[in-house]
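Hello,

Here is the model I promised to pass on. Have a look at it first, and then read on for what turned up in it.

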Amino acid sequence: MAGPPIHLLLQGVGFELIYSFVIIMCSLMIYYSTKEMYELSSDKGIKYFRQSFLLFAIAYFFKSFIKVLLAYFGTSRILDINLKYMGSITLFIFMFFGSLAVFYLVYSLMCKKWNGKSKIILGVFYLLSVLISFIIINTREVGVFIGTSLFILAIAIFGIYITHKQNKDKKKKSKIHLIYTLLFIFWILNIIEVLVNFTYLYQILISLASLGVFLAILYKVLKKSGSN
Amino acid sequence: MKKRGRLEIIKDILKIIQENRNSIRQTPLLRKANMSSSKFKEYFRELLEKGFVKETKGNSGEKTVTLTQKGFDFLERYKTIVSFIDEFEL
């Protein structure tokens, strides 16, 4: 059987794979280094915080898979791959886990304020993730895709700033809301980049910035959880 | 007075047991915990279920509450957990 074509490496798939691998490793380290704290505290915030990074790891795995597919089939759009719906299914899984990761992180910030309605809100987030994924694979419109991504971003930023405003009176002020905002913005750019054909340089810039945000969160988690 | 959160209440109950040479009966524990009987029962059940405390029969046949290793671990990690929750605004 022939190996992967040489243009796979030339189109930056090698870089994409290394980048995704580092982000997946960061996410899994965040997930596992908070395991003991969650087991001891059973704190809902910690639970959904760590689960959101597990979902990010899954989403990034599928993102790198999409990049390999794009390079392999020599197309610039995942929906142009017609191999038994392979492109659509992969995109659906990527969008579902990606949206859910964002919603889980928002939920981890808000769950204590939503006590009592938590199951309904979580159900709404699942429903939204499925709906967004369906819209994306069925419309095949870049405008709809960007609009949907911005809708996820709006929910995420709304969640962050509501929580931050309520926590303002606490003695110690955390700058984590800025890191969350950057995480969400670069995640949305990562999503858009899958369907919209950006220049290679722009893709690298998004990747490096996302990597920086994940490393910053990992550093904070390791420092605060006493795992370093 | 500021209302205590769930983790703080658990820490307070475990701390009372620890400061009582790791052995205390339920009634004085309830009194020192400074909470309603129904709330205390709720928390006490959770502590037993999570394996933070265990009930043992003393020489006099009275049931006493003691901390398990997991209970000691919680007390040791309490500040880290709270600081983590604060830092990430969870």
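A definition to start with: a nonpolar core here is a set of buried Ala, Val, Leu, Ile, Met, Phe, Trp, Tyr and Cys residues joined through C-beta atoms within 7 Å. Buried means that 20 or more other C-beta atoms lie within 10 Å of a residue's own, exposed means 12 or fewer, and partly exposed is in between, with C-beta atoms placed from the backbone.

Some housekeeping: this is a predicted model, in which local features need pLDDT of at least 70 and side-chain atom pairs count only at pLDDT 80 or more, while totals for chains, interfaces and linings use all residues. Residues are numbered from 1 along each chain as its sequence is written, and chains are lettered from A and ligands numbered from 1 in the order in which they are written.

With that in hand, the largest nonpolar core has 75 residues. The residues with the most contacts inside this core are A:Ala59, A:Phe94, A:Phe97, A:Ala101, A:Val102, A:Tyr104 and A:Val106. Helix α5(A) gives the core its largest share, 15 residues. Leaving aside residues up to four places away in sequence, A:Ala101 touches A:Ser52, A:Leu55, A:Phe56 and A:Ala59; a contact requires C-beta atoms, placed from the backbone, within 7 Å.

Chain A has nine helices and zero strands, where helices (H or I, at least four residues) and strands (E, at least two) are DSSP runs numbered from the N terminus. Of its 228 residues, 39% count as buried. Of the contacts in chain A with a separation of 6 or more, 73% are between residues 24 or more positions apart.

One helix pair in chain A deserves a look: the axes of α8 (residues 176–195) and α9 (residues 200–225) come within 9 Å and cross at roughly 145°. Axes are lines fitted to C-alpha atoms, for helices over the stretch in contact, with angles from 0 to 180 degrees between N-to-C directions. The residues that meet include A:Leu183 and A:Phe186 in α8(A), and A:Ile206 and A:Val213 in α9(A). By class, the residues of this contact are ten nonpolar, three polar and one charged. Ala, Val, Leu, Ile, Met, Phe, Trp, Tyr, Cys and Pro count as nonpolar, Asp, Glu, Lys and Arg as charged, and the others, Gly among them, as polar.

Chain B has four helices and two strands, in the order α-α-α-β-β-α from the N terminus. Its C-alpha trace spans about 50 × 30 × 20 Å along the principal axes, and 20% of its 90 residues count as buried. Strands β1 (residues 53–57) and β2 (residues 63–67) of chain B run antiparallel and are joined by five bridges; strands pair if DSSP finds at least two bridges between them. B:Thr56 has B:Thr64 as its bridge partner. The two strands form a hairpin with five residues between them, and B:Gly61 in the turn has a positive phi of about 85°.

B:Asn34 counts as exposed, with 12 C-beta neighbours inside 10 Å.

Finally, where the chains touch, the contact takes 21 residues from chain A and 14 residues from chain B. The chain A side has six nonpolar, ten polar and five charged residues.

Best wishes

Notes
Contact = placed C-beta atoms within 7 Å.
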